[in-house]
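Okay, everyone, let's get going.

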Amino acid sequence: MSSIIRKLGTVDCDIVEANPVVWQGKLLRFEYIRSRQGHNGYYNNRLGDSYFRFVDQETGEYSAPFGIGLHMGNAFVWEDRMIVTAVENWGKSRFYQLESTDLVNWTTPRVILEDPSWAGYNTSVCRADDRFVMVFELGKPDEIVGEPFTMFFAESTDLVNWHWIKDASFGKDFYTGGPMIRYFDGYFYMFYLGGSYEQGFRTCVARSTDLKNWTISSKNPVLDYGDEDRKLMVPFNHELTRHIASAENINASDLDMCEYNGKLELIYSWGCQRGIEFLARAQSDLTEKSFCSYFFS
């Protein structure tokens, strides 16, 4: 793992897809809460169904659930709008968007991208000069995906209408997952999960000027797994504390970040990549821009 990252500790269990955002001067953590159906549901999901929420990272207060029934969301702040993109369900064909100006009242989720042949998963959004670019993760169809999973891209000028960039992709010839996209000074930076169950999973980064031709960093991995992940940043009951201490850890995935109070706030997941996962925080003294360029200097 890069020495520019300081791991702070675990903040919750059974959460993977999450990202930090700054909203009206507060540092919030967007979280996708999995339904209780299946073996990897959120242990404290009292609603039952999947949903999204925000957590104030200073007070620990939770927002009301929203986006009920959607999955694998990602939050993006633009001016006075909180934009959330998500998929209909794991491996389903429709991607949705909903938004709010107060984190209380949310628009009805609407389809922004779809194809009946798609198996969709994660998304991430960035600003790139005069447009917005979204990466979306597909597991099918085989004729365009190659080695699951593969990242594809869409663009928008208004954060309303999205258009698939059909000749752009990343990771057709090797495993990728859990994308985070950023853009600085003409380069798109793609943070992604690479690896295998035999060798472990680590977060890596590549960059491109055109979303088609990619250079993989020689400084990879960006983030590795290790015993530091098990540190407790918040109190847990005895059962969860034992669970965190004894869980298999071969994974450092789903990295996301934002700047706040002179620090770079990072969120990531660790665990076994088979359903036993934990959410952790980290920090860096670099800006987002310098963090991205560091891996290509």
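So, Cys272: this one is buried, with a relative accessible area of 6%. Keep in mind that we're looking at a predicted model. Is Cys204 buried or exposed? Cys204 is buried too, at a relative accessible area of 14%.

Now, how many disulfides turn up in a search of the whole structure? The answer is 0. Take Cys204: its sulfur is 14 Å from the closest cysteine sulfur, the one in Cys292, and that's too far for a bond. Cys272 isn't in a disulfide either, as the nearest cysteine sulfur, in Cys13, sits 13 Å away. For a pair to count, the sulfurs have to be within 2.5 Å.

Two strands, E9 (119-128) and E17 (251-260), each give two or more residues to the lining. E17 gives the most, with 3 residues. Split by class, this lining has 9 nonpolar, 10 polar and 6 charged residues.

The second largest pocket comes in at about 370 Å³. It's lined by 20 residues, and closest to the centre you'll find Phe76, Arg182, Met257, Cys258 and Glu288. Strands E2 (18-23), E5 (71-78), E9, E13 (180-184) and E17 each put two or more residues into this lining. What's the class make-up here? For the second largest pocket, we have 12 nonpolar, 3 polar and 5 charged residues.

Notes
Residues are numbered from 1 along each chain as its sequence is written. This is a predicted model: local features need pLDDT of at least 70, side-chain atom pairs count only at pLDDT 80 or more; totals for chains, interfaces and linings use all residues. Side-chain values use heavy atoms; hydrogens and water are left out. Buried means under 20% relative accessible area, exposed over 50%, partly exposed in between (1.4 Å probe, protein chains only). Helices (H or I, at least four residues) and strands (E, at least two) are DSSP runs, numbered from the N terminus. Ala, Val, Leu, Ile, Met, Phe, Trp, Tyr, Cys and Pro count as nonpolar, Asp, Glu, Lys and Arg as charged, and the others, Gly among them, as polar. On a 1 Å grid over the protein atoms alone, a cavity is a set of points where a 1.4 Å probe fits but cannot get out, and a pocket is an open set with protein on both sides within 12 Å along at least five of seven lines; lining residues have an atom within 4 Å of a point. Grid points are joined across faces, edges and corners, and a volume is the space filled by probe spheres set on the points.
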